[in-house]
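Colleague: Could you walk me through this chain? I'm still learning how to read structures.
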Amino acid sequence: MTSPSFPPVDDLAAWLRSLDLVAIASAVIGAAMIAAAVVHVLAVKLAPYIAAWLRSLADRLNAHAEPLTIQSLAAAGLGQRAIAARLGITRHQARRALA
């Protein structure tokens, strides 16, 4: 396929009709597929490093956070069910601690 040169303004419609739109569409789709494959490979290769960075970030943030207690969660307005879910205890244990 020879690529036509850019037309004068008065012949723009004829120039657009002369383009091979199927070839252009297939080239765009092919480029998108190659880009998706590259992004996928990079994501797979970089996933362990990203996970390690996120873990270290979480550790740094948790080092400055105050520990969660039943009383602090209750003071924040959480109910027994939410407190139990947040701390990994049963609702009965949360109810007993709040009483």
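Colleague: Let's start with Ile-34: does Ile-34 count as buried or exposed, and why?
Modeller: Keep in mind that this is a predicted model. In it, Ile-34 counts as exposed because its relative accessibility is 56%, and the cut-off for exposed is over 50%.
Colleague: And where is Ile-34 found?
Modeller: Ile-34 sits in helix H2, which covers residues 21-64.
Colleague: Okay, zooming out, how many helices and strands does the chain have?
Modeller: The secondary structure comes to five helices and zero strands, and, read along the sequence, this gives the pattern α-α-α-α-α.
Colleague: What share of the residues is buried?
Modeller: Of the 99 residues in the chain, 7% are buried. The accessible surface of the chain comes to about 8,100 Å², and carbon and sulfur atoms hold 68% of that surface.
Colleague: Switching topic, where is Leu-87, and which residues is Leu-87 in contact with, leaving aside neighbours within four places in sequence?
Modeller: Leu-87 belongs to helix H4, residues 80-87, and, with those sequence neighbours left aside, Leu-87 is in contact with Leu-68, Thr-69, Ile-70 and Leu-73.
Colleague: How far apart are Leu-87 and Leu-68 in sequence and in space?
Modeller: They are 19 residues apart in sequence, while their C-alpha atoms are 7.7 Å apart in space.
Colleague: Why is Leu-87 called partly exposed?
Modeller: Leu-87 is called partly exposed because its relative accessible area is 30%, which lies between the 20% and 50% cut-offs.

Notes: Residues numbered from 1 in each chain as written. Predicted model: local features only at pLDDT ≥ 70, side-chain atom pairs only at ≥ 80, totals over all residues. Heavy atoms only, no water. Helix = DSSP H or I, 4+ residues; strand = E, 2+ residues; numbered from the N terminus. Buried < 20%, exposed > 50% of the residue type's maximum accessible area, 1.4 Å probe, protein only. Contact = heavy atoms within 4.5 Å. Areas by Shrake-Rupley, 256 points an atom, 1.4 Å probe, with all protein chains shown as cover.
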